[in-house]
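Hello,

Here is the structure I said I would pass on. My notes on it follow below.

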Amino acid sequence: MPAAADANALGRYLRVRRALARPDAAGVPGQGNRRVPGLRREEVAFLAGVSSDYYVRLEQGRDRHPSDQVLLAIARALQLDEDATAYLLQLAKPPGPRSKRTRRPEKVSDGIRTLISSWPLTPAYVHGTYMDILAANTLAIALCPFSTPGRNAILDAFTEPEMRELRPDWDAMTARAVPHLRSIAGADTDDPRLVELVGELSLRSERFRTLWARQDVRHKTTGTSLFNHPQVGPLELNYEKLLISGSDMQALVTYHAQPGSDSEERLRLLDSITTTDPDTRTATTSPPTHANPGPLDGSSLGAATSF
């Protein structure tokens, strides 16, 4: 995904989203004889109040910087939600100069490490901009061994067979992960780390290729995750994700069970197992120990997304 190959990112996004738009939801009559899915170019142009020729120029990349007013009208025609509309506006902005400096490894502050280590019943970890695990507490690793610092959460989600057994909601989880990756990447799709990650995922996972081609964009800060843990059984946990202010998109992810639920009791059991088993008492908040290059460094809390 080099910059040259991404020269018409706006046009490609419009084509993909037009194919996914529902004509009936847009109020387009005559649904019986459609040869292709989605809306036709002239239908999008009519709904957006622009000429068909102008809309064709946008898709072909002959006009790459339309006004926000035009883009918002097109977003309504394509039935884009708030996240997708923001991404569309971002794609149309002129690219800024890319920094030539070498990106430093991401680091987690001692305060955040101490904080997550002090939570006995709250699995918690920190990931970087492109989902590299930077720090984790003992319970997070006991819940999911792939939360070990040095691994990459989205790469493991799609390529590790054990994840399908651990996560009974694997289909829903992976369907959330890809729109999230695109949302944090934004329009900077030629970032070297993103190119590397998307390239490896595309080679190793057909499901990732299919989901990435949809160009869905989605921020999600809270939700429910399901686990089928080999030692304690099924857990239904709520996740929250908080951006760490002063960092380059580092996020603190936490899981918690409903008070008094079976999942809470199973978390307590898992904690007792990790407390008594010396093999699980490792330096869980240590820096990454194997290669997963990540972006910049950082550190206190604002709001963000997870899967």
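Tyr239 has Tyr255 of S5 as its bridge partner. Helices (H or I, at least four residues) and strands (E, at least two) are DSSP runs, numbered from the N terminus. The model is predicted, so local features need pLDDT of at least 70 and side-chain atom pairs count only at pLDDT 80 or more, while totals for chains, interfaces and linings use all residues. Residues are numbered from 1 along each chain as its sequence is written, and side-chain values use heavy atoms, with hydrogens and water left out.

The sheet

Strand S4 (residues 233-243) runs antiparallel to S5, and six bridges join them. Glu240 is the bridge partner of Thr254 in S5. Thr254 also stands opposite Ala124. Strand S1 (residues 124-127) pairs with S5 in the antiparallel sense over four bridges; two strands pair if DSSP finds at least two bridges between them.

Five strands make up an open sheet, in the order S2-S1-S5-S4-S3, with antiparallel pairing. Its edge strands, S2 (133-136) and S3 (222-229), each pair on one side only. From one strand to the next the twist averages 30°. Helix H7 (residues 110-117) packs on the sheet and touches S1, S2 and S5 (contact means heavy atoms within 4.5 Å). The direction of H7 makes about 50° with that of S2; axes are lines fitted to C-alpha atoms, for helices over the stretch in contact, and angles run from 0 to 180 degrees between N-to-C directions.

Helix H3

In helix H3 (residues 41-48), the buried residues are Glu43, Val44, Ala45 and Ala48. Their cover includes H1, helix H4 (52-60) and helix H5 (68-77).

A pocket here is an open set of points on a 1 Å grid over the protein atoms alone, where a 1.4 Å probe fits, with protein on both sides within 12 Å along at least five of seven lines; lining residues have an atom within 4 Å of a point. The second largest pocket is lined by 15 residues, and Arg17, Gln79, Leu80, Asp81 and Asp216 lie nearest its centre. Helix H1 (residues 9-20) supplies the largest share of that lining, three residues.

Regards

Technical notes. Buried < 20%, exposed > 50% of the residue type's maximum accessible area, 1.4 Å probe, protein only.
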